[in-house]
Amino acid sequence: MPQWLWAGFWGLLAGSALLLGAAAGYLARVPQRVTAGITAFGSGVLISALSFDLMDEAFHSGGFLATALGFLAGAAIYTAANAYLCRRGAKHRKRSGGQPSESEQQGSGLILAVGALIDGIPESIVIGVSLIAGGAVSWVAVVAIFLSNIPEGLSSSAGMKKAGRSARYVFGIWTGIALVSGLASLAGYAVFSRFSPETIAATTGLAAGGILAMLVDTMIPEAFQEAHEFAGLITVAGFLIAFALSKLAG
């Protein structure tokens, strides 16, 4: 199978975890503290993957300057987009409670969907770009993104249900985002495979910066909101497990 199809497959696989989480959040009554704990765990997993897989690979392939510029640009772009969406009603899109309903804020459903989409695209691009360097996907990145997508879908879909959104709407949103994740991963490989190592490093850094900004702006606040004093410990556990996976992969 061509590499670009593999890139799409791995992106779709990681994105499918959003549907698993959405099913749990919408169909089951998961306590908010449990949801927050899973979110904290997923945050720790992603932070570890960023530190020991994505940024390290970018640095070794393209150098510090390209990696740093991409990293800062990714964080700035995500922060600007997130600030705009928050003003439009997507501030609590990852929360299992507190999301506005359509009657309370017209158009909030679309904004929530767009917010979830911009959260997932950087992660998917990273998967596609990881295929370029060694010809094989970074399975640590795939596992980390898969694990972090479960609490994302769980928490957000639970909040959508409380806001009165239908099952058709909720699962339609997450199915669409899972498909876009596969396409973004495919594009990450197909578009950037022809570029220089410095450009690939900057792209990896761009996605990594966007992911880290997303964690601090959305996932970690959701975790602390409900898990309180246990959020840090659970995040550390997720970080440690992903760190162990990265060393086993090496």
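## Helix 7

Helix 7 has a bend of about 45° at Leu 215. This is a predicted model. After helix 7 comes His 228, and its phi is positive, near 50°.

## The nonpolar cores

Leu 215 also belongs to the largest nonpolar core, a set of 28 residues. Leu 215 is among the residues with the most contacts inside this core, together with Leu 46, Leu 50, Leu 54, Val 126, Ile 127 and Ile 211. At least two residues of the core are supplied by each of helix 1, helix 2 (32-62), helix 4 (108-134), helix 5 (139-162) and helix 7 (197-227). Helix 7 gives the largest share, 8 residues.

A second core of 8 residues is separate, and Leu 18, Val 170, Trp 174 and Ile 177 are among its members.

## A nonpolar patch on the surface

Nonpolar residues also occur on the surface. Met 1, Trp 4, Leu 5, Trp 6, Phe 9 and Leu 13 make a nonpolar surface patch of about 560 Å². Met 1 lies in the segment before helix 1 (3-27). Met 1 counts as exposed because its relative accessibility is 58%, and the cut-off for exposed is over 50%.

Definitions and conventions: Residues numbered from 1 in each chain as written. Predicted model: local features only at pLDDT ≥ 70, side-chain atom pairs only at ≥ 80, totals over all residues. Heavy atoms only, no water. Patch = residues over 30% accessible without salt bridge, like charges linked within 9 Å, V, L, I, M, F, W, Y side chains within 5 Å. Areas by Shrake-Rupley, 256 points an atom, 1.4 Å probe, with all protein chains shown as cover. Salt bridge = Lys/Arg side-chain N within 4 Å of Asp/Glu carboxyl O. Helix = DSSP H or I, 4+ residues; strand = E, 2+ residues; numbered from the N terminus. Buried < 20%, exposed > 50% of the residue type's maximum accessible area, 1.4 Å probe, protein only. Core = buried A, V, L, I, M, F, W, Y, C linked by side-chain atoms within 4.5 Å. Bend = angle between axes of the 7 residues up to and from the residue.
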